[in-house]
Amino acid sequence: MSSEAPKRPDQTGQDADQVPAWQPPRIEKQAVVGASPQLEKILQDAHGKIVMRSVTGHFDRIRIALVWITQILFFGLPWLQWNGRQAVLFDLGARKFYLFGMVLWPQDIIYLAVLLIISAYALFLFTAIAGRLFCGYACPQSVYTKIMMWFEHKIEGDRVARIRLAEAPWTWRKFRIKLTKHTVWVLFSLWTGFTFIGYFAPIRELPGEFIHLTLSTWQWVWFWLYSAATLSFAGFLRESICRYACPYARFQSVMVDDDTFVVSYDYVRGEPRGARSKKVDHKAEGKGDCINCSLCVQVCPTGIDIREGLQYMCIGCGACVDVCNQVMDKMGYEPDLIRYTSGRAISERLTQDEARKRMFRPRVLIYISLLVLVSVALVVSMALRDTLKMNIIRDRGLLGREVAGGLIENVYRLQLVNAAEEPLTIQLSADGIAQIKIKRADNGKDTIVLPASSTELVPVVVQIPSDSGLSTGMHAIEIRADSVAGQRQNTHAKDTSNFYIPQ
């Protein structure tokens, strides 16, 4: 037996005697005349249909658990109630976002920007640590594809039955099975579309509006668009979205390195691969642990061969890890021929503990620090935010005038927002000029009652004595709105403007 270490297989495959005989079954299209071999392969892959083998195991159970968690959240959140209204509602018409006990207004767009920053840092962090974890376990495309494939498996049968059904001529039985599957797919897709628009309109009112066809135009548009996207992406396109349309698959390569944990084939253990009997010492025959069964390819959602090395099409779902461990167990070999580990761990033969220690390298620590810093800043900012907001809108048609009683008066409009879910009584005051006073233009009072979760446009007048001795022109003032003592809320808002003294 040769003492040389087995060489890592490259992206083009192995020697002729090591090329796996099995290939994923596909329904091939005729090649384009005059096209290059690379283009022909891309077109065949794009039009082909991968028929996955079902697999059970540790990582499959994690995927199923996350399917349940994500879908319970997606389908359940709109139905939750909070203080007599929908707990999560993005009311675009009223320009209010309800998130449980918090009401966000257009002025709070900064929080959305910070949430996007946190999401970006989290994506960078998870990718640097473990590659495309999000794609394999929580991406809507992967989650809905798994749901659609579960329906397909229950209706059409296992992989062999699905292949035979696809190749069989059209009969009443085949038509009935296909019709049942596509009906279930369509109903599930319509349910997702209905739930999606339920995040932007009170979902408890939608069934009646849906039955009586009284949804708004945009609600109909998004209902059909989201339903069609779910059906086409998860039901028909499946792996093509991950392989050709997903931008994350393209730029993830700049965020991974030799210390990133990804699904990896241990080529040192596995090569040279080949069939053998369990009764024969395969090492004495010069063979590695890989028996070349190709089950890792049959269970792959994107149809790749992980034994050819890390590829951008790999979504890191771990299906090949589960099925390979089952094979290793049947053969009596050590598990984890395919496993989550780093490229350095395989090439330098590091233990998993040694590889995990190298996982927390400077890049990862920087991502963690930034993520924690921005997250803490967001939480503190939202906890300390004032629920009262005010903007001053000056009356441009009447800059200033003299009124009875020896006063100079300017007119303003105050745009007041009460972001809390309870009424708020506020006291108005002004500062910046001696003996300045402020009152409402409609009733002469200096207090305003704001309903819960409301915005009000209140006209006010600001007055100063005409003998104040100030020069003609603009003078800076500040208007304040403070909650009245004794209320549950203790909040305030202020804004600046100019007071005009006429000649």
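**Close-up views of a predicted model**

View 1. An unreviewed UniProt entry lists residues 62-82, 109-139, 183-201, 221-237 and 364-384 as "transmembrane region"; UniProt positions follow the numbering used here, feature names are shortened, and annotations may be inferred rather than shown by experiment. The model is predicted: local features need pLDDT of at least 70, side-chain atom pairs count only at pLDDT 80 or more, and totals for chains, interfaces and linings use all residues. Residues are numbered from 1 along each chain as its sequence is written, and side-chain values use heavy atoms, with hydrogens and water left out. Residues 62-82 are 71% helix and 10% strand, with end C-alpha atoms 31 Å apart. Residues 221-237 are 100% helix and 0% strand, and their end C-alpha atoms lie 22 Å apart. Helices (H or I, at least four residues) and strands (E, at least two) are DSSP runs, numbered from the N terminus.

**View 2. The open sheet β3-β4-β5.** Its 3 strands pair in the antiparallel sense; two strands pair if DSSP finds at least two bridges between them. Val-88 has Leu-99 of β4 as its bridge partner.

**View 3. The loop between α12 and α13.** Pro-272 lies in the loop between α12 (267-270) and α13 (295-298), and the peptide bond from Glu-271 to Pro-272 is cis, with omega near -10°. Asn-292 is in the loop between α12 and α13 and has a positive phi near 60°. Ser-294, also placed there, has a positive phi of about 65° although it is not a glycine. Ser-294 counts as buried at 2% relative accessibility (buried: under 20% relative accessible area, 1.4 Å probe, protein chains only).

Notes:
Buried < 20%, exposed > 50% of the residue type's maximum accessible area, 1.4 Å probe, protein only.
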